[in-house]
Amino acid sequence: MSLIPSFFGGRRSNVFDPFSLDVWDPFKDFPLSNSSFPKLSEENSAIVNARVDWKETPEAHVFRADVPGLKKEEVKVEVEDDRVLHISGERNVEKEDKNDTWHRVERSSGKFMRRFRLPENAKMDQIKAAMENGVLTVTIPKEEIKKPDVKSIEISG
C-alpha cells in the first residue's frame, strides 16, 4: 500500500508525471468557515494553470493563452535570444477584513510562464499581442518560403 495516492486524494493525473499541469492545492480541503481564502486560491490556481495553444496558419503563428482575471498590465510578452517567445503573468491579491476585535489579511498570489522556440520563418519584428475577455492572443507573421526554381534538363544519349 502506498501513502502517496491517499495523501494526494482523488487526483486523476499521475503526481510523478513531469508534464502534468495539475497543481496540488494544500488548502483545498482545509476547513475555513466564512473565509474567502478558497475563492482567492481558486482564482490564482486558474492563472498558474494558464493554458496556451499554438496554432500555425499559412500566414502566421498564433498563440492563445487563457488568463482569466488578469489585466493586460499583469501580462508580459517578450522575445528572448531572437527566437524564443516568452509569455508570463503574475497576480497578487490581498483582502483585508477589520472589526473592533480582530484584523485579518489574506494574501494570495499566482504566476505562470511559458516559453516557445519559434521556427526560422517567424517575422520576429512584427509580433502583435492583444487581450480580450481573459484571452491573450499573440500573432507572429510568417515569411514566405521561396520554392527553388526547378528546371528540366534533357538527357542525351
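# A tour of the model, from overview to turns

In this predicted model, residues 24 or more positions apart account for 55% of the protein's contacts with a separation of 6 or more, a contact being heavy atoms within 4.5 Å. Residues are numbered from 1 along each chain as its sequence is written, and side-chain values use heavy atoms, with hydrogens and water left out. Because the model is predicted, local features need pLDDT of at least 70 and side-chain atom pairs count only at pLDDT 80 or more, while totals for chains, interfaces and linings use all residues.

**Start with the whole chain**

Colour by secondary structure. There are two helices and seven strands, in the order α-α-β-β-β-β-β-β-β along the sequence. Helices (H or I, at least four residues) and strands (E, at least two) are DSSP runs, numbered from the N terminus.

Switch to a surface. The accessible surface comes to about 12,300 Å², and 50% of it belongs to carbon and sulfur atoms; such areas come from the Shrake-Rupley method with a 1.4 Å probe, and for residues only the protein chains shown count as cover. Of the 157 residues, 29% are buried. Buried means under 20% relative accessible area, exposed over 50%, and partly exposed in between (1.4 Å probe, protein chains only).

Now colour by pLDDT, the predictor's confidence in each residue, from 0 to 100. The mean is 76, and 69% of the residues reach 70 or more. Select residues 1-11: pLDDT stays under 50 there, and the model has seven contacts for this stretch beyond four places in sequence. Residues 33-37 are also below 50, with nine contacts beyond near neighbours in sequence.

**Select Phe63 and Ile87**

These two residues touch the most other members of the largest nonpolar core, which has 17 residues. A nonpolar core is a set of buried Ala, Val, Leu, Ile, Met, Phe, Trp, Tyr and Cys residues joined through side-chain atoms within 4.5 Å. Strands S2 (60-66), S4 (84-98), S5 (103-117) and S7 (135-141) each supply at least two residues of this core. S7 gives the largest share, three residues.

Show what surrounds Ile87. Apart from neighbours within four places in sequence, Ile87 is in contact with Phe63, Lys76, Phe112, Met113, Arg114, Phe116, Leu136 and Val138.

Trp54, Phe63 and Phe116 form one aromatic cluster. A pair of aromatic rings is described by the distance of the centres and the angle of the planes. Rings of Phe, Tyr and Trp (its six-membered ring) pair if their centres lie within 6.5 Å; planes under 30 degrees apart count as stacked, over 60 as edge-to-face and the rest as tilted. By this rule there are three aromatic pairs. In one of them, Trp54 and Phe63 have ring centres 4.8 Å apart and planes at 35°, so the pair is tilted. Phe63 also pairs with Phe116, again tilted, at 4.9 Å centre to centre and 45° between the planes. Phe63 lies in S2 and Phe116 in S5, so this pair ties together parts that are 53 residues apart in sequence.

Check accessibility here. Phe63 is buried at 0% relative accessible area, and Phe116 is buried at 16%. Trp54 is partly exposed at 36%.

**Go to Ala122**

Ala122 lies in the loop between S5 and S6 and is buried, with a relative accessible area of 2%. Beyond four places in sequence, Ala122 touches His61, Arg83, Ile140, Pro141 and Glu143.

Two strands pair if DSSP finds at least two bridges between them. Strand S3 (residues 75-80) runs antiparallel to S4, joined by six bridges, and Val79 stands opposite Leu85 in S4. Three residues separate the strands of this hairpin, and Asp81 in the turn has a positive phi of about 50°. Select Asp82, in the loop between S3 and S4: its phi is positive too, about 65°, although Asp82 is not a glycine. Asp82 is exposed at 62% relative accessibility.

Strand S6 (residues 128-132) pairs with S7 in the antiparallel sense over five bridges, with Glu132 opposite Val135. Two residues lie between these strands, and Asn133 takes a positive phi near 55°. Asn133 is exposed, at 76% relative accessibility. For background, most residues other than glycine have a negative phi.
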